[in-house]
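Have a look at it first, then read on.

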Amino acid sequence: MTGHHTTSSALAWVTKYLTGYPHTQSKLRKELYSTMTEAIEEKRLPTFEELRRARLPYLEAVVEEARRLTPFVIVRETTEHTEILGCRVPKGVQCLMVSAGPGITMPSVPVDEGTRSETSKTAKPWGKWDESRDLRLFEPERWLKARDDG
């Protein structure tokens with residue numbers, strides 16, 4: 001996320017999800033209170049440096065889950081003639097890239113491997129979602145990995 005529009009939009013969506021999921025809000029509040037103890041004891045907001053150094057995995061998971069469920073559009077103009085999934089795209093065309101969709105909020109849509117670019121074919125897979133879980137639900141826990149010590 002970059003720029004003030006995407007940042008403010010992301011924060012608005014995080015707030016919206018937290019109001020609809022009070023259990024998630026409580027878990028996040030608990031993580032923040034247990035991590036920002038010095039600022040709380042001194043009755044002040046945490047400094048940028050304190051926030052930067054803090055390990056806040058649940059906060060990161062909340063933000064990632066909001067981004068997963070809330071599509072945003074990035075617009076780019078092609079700088080040369082190209083092809084996307086077998087479709088010719090001329091130079092100078094505005095392409096819209098949507099951050100969410102099939103595979104993010106619902107089971108993946110199959111794509112013919114022959115139409116993928118070489119870059120796409122050799123890209124490292126991100127892993128698979130557990131599609132037995134309801135991908136429409138706001139569940140930050142799906143971003144967390146259990147440690148060996150529990």
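Which residues make up the largest nonpolar core? There are nine of them: Val14, Tyr17, Leu18, Leu28, Tyr58, Val62, Ala66, Leu69 and Phe138.

## Before we go on

What you see is a predicted model, so local features need pLDDT of at least 70 and side-chain atom pairs count only at pLDDT 80 or more, while totals for chains, interfaces and linings use all residues. Residues are numbered from 1 along each chain as its sequence is written, and side-chain values use heavy atoms, with hydrogens and water left out.

## The core

A nonpolar core here is a set of buried Ala, Val, Leu, Ile, Met, Phe, Trp, Tyr and Cys residues joined through side-chain atoms within 4.5 Å. Buried means under 20% relative accessible area, exposed means over 50%, and partly exposed is in between (1.4 Å probe, protein chains only). In soluble globular proteins, nonpolar side chains tend to be buried together.

Helix 5 supplies the largest share, four residues.

## The overall layout

The protein has six helices and four strands. These are DSSP runs numbered from the N terminus: helices are H or I with at least four residues, and strands are E with at least two. Along the sequence, the pattern reads α-α-α-α-α-β-β-β-β-α.

Of the 150 residues, 22% count as buried. The protein exposes about 11600 Å², and carbon and sulfur atoms supply 58% of that. Such areas come from the Shrake-Rupley method with a 1.4 Å probe; for residues, only the protein chains shown count as cover.

Val98, in strand 4, is exposed, with a relative accessible area of 52%.

Now look at Thr78, in the loop between strand 1 and strand 2 (82-84). Is Thr78 buried or exposed? Thr78 counts as buried, at 12% relative accessibility. Leaving aside neighbours within four places in sequence, Thr78 is in contact (heavy atoms within 4.5 Å) with Val89, Pro90, Lys91, Gly92, Val93 and Cys95. Cys95 is buried too, at 17%.

## Charged pairs

How many salt bridges turn up in the whole structure? The search finds 11, each being a side-chain nitrogen of Lys or Arg within 4 Å of a carboxyl oxygen of Asp or Glu. Side chains of opposite charge can pair when their charged atoms come close.

One of the pairs is Arg44 with Glu50, at 2.8 Å from N to O. Arg44 is partly exposed at 29%, whereas Glu50 is buried at 14%. Both belong to a network of salt bridges that links Glu38, Glu42, Arg44 and Glu50. In helix 5, Arg68 and Glu65 lie three residues apart, about one turn of the helix. Their side chains meet in a salt bridge of 2.8 Å, N to O, and both residues are buried.
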